Every structure is written in C-alpha cells, then in structure tokens.
Amino acid sequence: MLEQKIEALKAEIESLQAETLDVVEQLRIKYLSRKGALNDLMEDFRNVAAEEKRIYGPKINEVKQMAFDKINGLRDALNANVNGNGNFDLDLTRTPYPVELGTRHPLSIVKNEIVEIFQRMGFTLADGPEVEDDLHIFTKMNFAADHPARDMQDTFFVEESKQGDVTKNILLRSHTSSVQARVMEKQQPPIRVICPGRVYRNEAITARAHCFFHQIEGLYIDENVSFTDLKQVMLTFAQEMFGPDTKIRLRPSYFPFTEPSAEMDISCHICGGVGCGFCKHTGWVEILGCGMVDPNVLELCGIDSKKYSGYAFGLGVERITNLKYQVSDLRMFSENDKRFLEEFEAAN
C-alpha cells in the first residue's frame with residue numbers, strides 16, 4: 001500500500017506545471033508544508049514494520065528531494081522569464097548598450113586607507129554633526145571670544161540665537177576638532193579616536209582650494225603621553241601610506257588647540273627626496289599639522305590636565321589623495337566627471 005502511494009506521488013510531482021509564482025507557492029504548500037502530501041506519507045511510514053523502514057525510507061527521501069527540486073525549478077524559471085502577474089519582465093525603454101558600473105571615489109579610497117591604518121594602531125572612529133555650534137568649534141578648542149586665531153578660518157555662519165543673555169552661533173564646522181570636543185565631554189581617558197568628515201570654509205573655489213573638503217583628525221589622551229609617542233605614530237602612518245622608505249620631519253608651528261605644535265613633512269615619494277617640481281625642489285612635502293593637546297582644551301572639556309596629557313593631529317584627505325595620485329585640480333573631486341572617476345578603477 002505504501003509502495004503504491006510513493007509511486008503515485010512521484011508521478012504526480014513529475015507532472016507539475018505552474019504559470020505564476022502564486023501557483024508555485026500553492027504547490028509548495030500542497031506538497032512540502034507541515035500538512036502537505038509528503039507529511040501524510042511520513043505518517044504512513046511510521047506505521048510500517050521496522051524491517052520495512054529500511055526499504056521505504058530512502059524512497060520517501062527520494063520523493064521529497066524530487067518535490068524540492070521540481071518546485072524550486074518552477075520558481076527559478078518564472079523568476080528568470082516571467083513576473084508574478086504573468087507578463088514577461090522586459091523593460092522596453094532600457095538602452096541596448098551595456099550598463100556601465102561606477103567606481104569608488106578616489107577620496108573614499110584614500111579615506112578608507114587612512115582610517116584602516118589608524119584602526120590598526122588602536123584608534124576608533126568618532127563622528128559628529130556638520131552643522132555645529134560656536135562652543136564646540138571654537139570655544140572648547142581654546143579660541144577666546146576675541147582671539148585673533150578665529151580669523152585663521154573663514155566660517156559659514158548659519159544663524160545666531162540668544163538663550164537669555166547668551167548668544168549662540170550656529171555654523172558649518174570648519175574643522176572636525178568639534179568631534180574631539182564632543183568625545184572629551186562624554187568620555188574620560190584613555191581616549192584614542194579618529195574623526196573623519198566634511199568641513200566647510202568660506203574660500204574662493206580654485207584649482208588649489210574649495211569651499212568644502214574632507215579632514216581626518218586624531219586624538220589620543222592618557223597618562224604620560226609624550227611628543228615622542230606622537231612622532232612614532234606619525235612616522236608609522238607615513239610609512240604605511242607612502243612606503244617603508246618614507247622619512248618625516250616636524251617643523252614648529254602654531255595652533256590654538258595644541259602646544260607645542262608642528263607641521264609635518266614627508267620626503268617626496270616621487271623623487272625620493274632628491275628634489276623635483278612636485279616638491280618644489282626641496283625634497284619635502286607638507287601633509288599634516290599636529291601637536292600636544294593644550295591643557296586649556298583638556299580643562300574646557302572636563303579632563304584633568306594635571307593627570308592626563310595627549311596629542312592631536314589633522315590632515316586633509318584631498319591633500320593625501322593629491323600626493324598619491326597627483327591630481328592637479330581640486331575641483332575635479334566634486335565635478336562628478338565620469339572620465340576622471342574611471343581613472344581610479346584599478347585602485348578599487
């Protein structure tokens with residue numbers, strides 16, 4: 001009796017047809033669901049003698065696999081040729097030419113590479129708003145209200161609001177240091193973060209400058225952090241990014257939020273430090289600014305400057321991209337020219 005049921009079900013499954021995906025789903029329920037035909041067959045199988053189970057077990061498994069294959073085959077055929085309404089899924093407005101895929105933007109390629117290098121050194125990602133307030137952009141970064149350093153950056157001010165006697169300026173962030181301020185407000189040391197993001201400055205758009213660009217800033221705060229720690233991290237980054245033979249030099253500089261401060265140059269990777277037009281025949285190319293976090297910044301953000309010290313650094317993604325790929329015009333990064341982007345297919 002069970003043998004006849006198995007053979008009848010096998011013949012029934014072999015003859016299955018379906019014109020829509022709805023019919024396929026109905027067939028799946030009929031044969032493969034908990035109340036389907038195969039489940040009924042298994043109920044009969046449980047009642048046969050033990051010596052017959054070895055005979056009928058493989059046959060039932062064969063029928064079950066046949067049902068899976070048949071129903072999945074019907075579904076795949078309909079998905080390939082027909083949609084659920086029974087109409088051929090052809091877009092007659094589609095171009096006959098091949099659809100060309102895009103590539104990752106060169107700034108994204110370089111940003112991801114920079115982030116990966118610092119993540120391997122233990123830095124974690126931090127993010128913050130692009131529309132920011134004066135407190136986090138300037139005040140907590142040691143820019144006094146009448147500090148001339150505020151004039152170093154031309155800022156896009158969005159609005160001015162008053163809260164009682166306090167005037168609050170809202171602006172587009174001119175550096176990602178505001179993210180560092182927010183991290184220090186919420187977290188006590190040890191802190192080791194990098195802050196990638198877009199920043200805005202009120203500058204004329206030329207081949208060498210733009211009103212928006214991308215920065216990656218880093219911050220490390222802990223006990224007994226020294227300038228030597230900063231130098232070693234910067235050397236490691238430069239050699240990971242530009243090659244193991246890369247050398248660095250640090251020149252004294254000034255930033256309101258670090259003291260001492262430095263500009264960092266790398267040996268020109270194009271001429272090997274000999275001197276060429278790219279490095280203006282000096283053998284060195286500037287890539288970033290850095291320094292020890294000013295104690296005032298730590299105190300303004302709620303961190304004990306007598307117990308903790310730290311370093312910070314900031315670099316422009318466009319600057320590093322120019323060094324790696326020698327892009328002569330910054331405007332090309334934002335013009336969405338397909339011909340320009342195609343040049344970076346091999347870098348993806």
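Reader: Is Met241 buried or exposed, and with what relative accessible area?
Author: Met241 is buried, a label given to residues under 20% relative accessible area, with exposed meaning over 50% and partly exposed the range in between (1.4 Å probe, protein chains only). The residue is found in helix H8, where helices (H or I, at least four residues) and strands (E, at least two) are DSSP runs numbered from the N terminus. The relative accessible area of Met241 is 4%.

Reader: What kind of model is this, and which pLDDT do local features need?
Author: Residues are numbered from 1 along each chain as its sequence is written, and side-chain values use heavy atoms, with hydrogens and water left out. The model is predicted: totals for chains, interfaces and linings use all residues, side-chain atom pairs count only at pLDDT 80 or more, and local features need pLDDT of at least 70.

Reader: Which residues does Met241 touch, not counting residues up to four places away in sequence?
Author: Contact means heavy atoms within 4.5 Å. On the contact criterion, Met241 touches Val110, Glu113, Ile114, Ile117, Ile320 and Lys324.

Reader: How do the axes of H5 and H10 lie: roughly parallel or roughly perpendicular?
Author: Two packed helices are described by the angle between their axes and the distance between the axes. Here the axes are lines fitted to C-alpha atoms, for helices over the stretch in contact, with angles from 0 to 180 degrees between N-to-C directions; the axes of H5 (residues 106-120) and H10 (residues 317-325) come within 9 Å and cross at roughly 100 degrees. Angles under 35 degrees count as roughly parallel, over 145 as roughly antiparallel, 65 to 115 as roughly perpendicular and the rest as oblique. So H5 is, relative to H10, roughly perpendicular.

Reader: How many charged residues does the contact of H5 with H10 have?
Author: In H5, Pro106, Leu107, Ile109, Val110, Lys111, Glu113 and Ile114 meet Val317, Glu318, Ile320, Thr321, Lys324 and Tyr325 of H10. Ala, Val, Leu, Ile, Met, Phe, Trp, Tyr, Cys and Pro count as nonpolar, Asp, Glu, Lys and Arg as charged, and the others, Gly among them, as polar. By class the contact has eight nonpolar residues, one polar residue and, for charged residues, four.

Reader: Which elements do the buried residues of H10 pack against?
Author: The buried residues of H10 are Val317, Glu318, Ile320, Thr321, Asn322 and Leu323. After H10 comes Gln326, with a positive phi near 55 degrees. The buried residues pack against H5, strand S6 (212-222), H8, S8, S9 and strand S10 (309-316).

Reader: Which element gives the largest share of the lining of the second largest pocket?
Author: A pocket is an open set of points on a 1 Å grid over the protein atoms alone, with protein on both sides within 12 Å along at least five of seven lines; a 1.4 Å probe fits at the points, and lining residues have an atom within 4 Å of a point. The second largest pocket holds about 190 Å³, and 13 residues line it, with Leu38, Asn39, Met42, Ile60 and Lys64 closest to its centre. Two or more lining residues come from each of helix H2 (21-32), helix H3 (37-45) and helix H4 (50-81). The largest share, five residues, comes from H4.

Reader: What is the relative accessible area of Thr246?
Author: Thr246 is found in the loop between helix H8 (227-242) and strand S7 (248-255). Leaving out residues up to four places away in sequence, Thr246 touches Leu235, Ala238, Gln239, Ile266 and Ser267. Its C-alpha atom is separated by 8.0 Å from that of Cys268, 22 residues apart along the chain. Thr246 is buried, with a relative accessible area of 5%.

Reader: Is His281 buried or exposed?
Author: His281 lies in the loop between S8 and strand S9 (284-293). Its phi is positive, near 60 degrees, in a residue other than glycine. With a relative accessible area of 61%, His281 is exposed.

Notes:
Points joined across faces, edges and corners; volume = space filled by probe spheres on them.
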